[in-house]
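These entries record what I looked up in the structure, entry by entry.

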Amino acid sequence: VFGTPGLHSATAVHYALGVEQELSRNVEVSVEPFYKQLDRLDTRVSRPDGASESVDVGAGHVVGVESLLRYKPDGRFFGWIAYTLSRSMRRATPSDPLVLFEFDQTHILTMLGSYRLGRGWEFGARFRYNLSPAFNLWQLNLVAGFHVPVGSWDPYFGVHGGYSAIGKLGDSSVSGLVTGSSIDQLDVKGFNVGINFGVDYY
């Protein structure tokens with residue numbers, strides 16, 4: 001027998017209500033509150049003999065709001081700014097109190113923009129920032145590309161690079177992920193570079 005007999009798949013029910021409004025021909029804004037109910041989450045519990053087993057008695061919910069400010073393509077530029085505020089709560093067993101999920105992402109801010117320079121050249125940038133009680137993450141990526149339209153074909157070639165940093169990893173809620181007495185001082189940083197190419201057909 002593979003897996004754990006009697007363990008069921010987790011379930012989630014997502015509710016959302018959104019509104020959009022055009023501020024001008026190219027600018028629009030949207031706001032979407034949401035709620036997600038989670039049930040039958042996998043939880044490790046101790047048995048009377050001291051061993052542990054997986055049971056699907058965990059539950060929780062996520063509540064928040066997403067907002068988006070978007071500039072629609074005008075032939076040269078397009079971009080958007082998105083912000084999400086949310087709170088994710090969990091309980092391991094029905095008798096446990098609700099607690100903040102260890103990977104809760106309270107604040108998520110993303111900004112993206114792309115500009116056509118002309119003669120096939122295009123430049124873009126993306127910034128993302130996550131903030132939670134357990135960690136904070138920020139990323140900055142730059143992209144430069146070249147398009148050579150030929151009839152209905154649009155070959156392109158691009159290069160991209162960026163920098164990412166994670167700080168404050170190792171709060172008590174995620175202490176099981178990292179060992180050491182000063183895990184709250186852990187920082188993870190790094191650069192990335194790459195190339196991409198392809199062909200679009202219209």
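This is a predicted model: local features need pLDDT of at least 70, side-chain atom pairs count only at pLDDT 80 or more; totals for chains, interfaces and linings use all residues.

Beyond its neighbours within four places in sequence, Ser54 is in contact (heavy atoms within 4.5 Å) with Thr4, Leu7, Asp42, Thr43 and Arg44. With Arg44 I noted a polar contact between the two side chains, at 2.8 Å; the term denotes a pair of N or O atoms within 3.5 Å, one able to donate a hydrogen and the other to accept it, and residues adjacent in sequence count only if both atoms are side-chain atoms. Ser54 lies in strand 4, residues 52–71; strands are DSSP runs of E, at least two residues, numbered from the N terminus.

Phe77, Tyr115, Leu117, Trp121, Phe123, Trp138, Leu140 and Leu142 make a nonpolar patch of about 750 Å². Such patches join nonpolar side chains within 5 Å, from residues with over 30% relative accessible area and no salt bridge (a Lys or Arg side-chain nitrogen within 4 Å of an Asp or Glu carboxyl oxygen). Strand 9 gives the largest share, three residues. I located Leu117 in strand 7 and recorded Leu117 as exposed (over 50%), its relative accessible area being 53%.

Finally, I checked confidence. The average pLDDT, the predictor's confidence per residue from 0 to 100, is 85. Over residues 170–183 pLDDT stays under 50.

Residues are numbered from 1 along each chain, and side-chain values use heavy atoms, without hydrogens and water. Local features need pLDDT of at least 70, side-chain atom pairs count only at 80 or more, and totals for chains, interfaces and linings use all residues.

Methods: Helices (H or I, at least four residues) and strands (E, at least two) are DSSP runs, numbered from the N terminus. Patches are made of residues with over 30% relative accessible area and no salt bridge: like charges are joined within 9 Å, nonpolar side chains (Val, Leu, Ile, Met, Phe, Trp, Tyr) within 5 Å. Accessible areas come from the Shrake-Rupley method with a 1.4 Å probe; for residues, only the protein chains shown count as cover. Buried means under 20% relative accessible area, exposed over 50%, partly exposed in between (1.4 Å probe, protein chains only).
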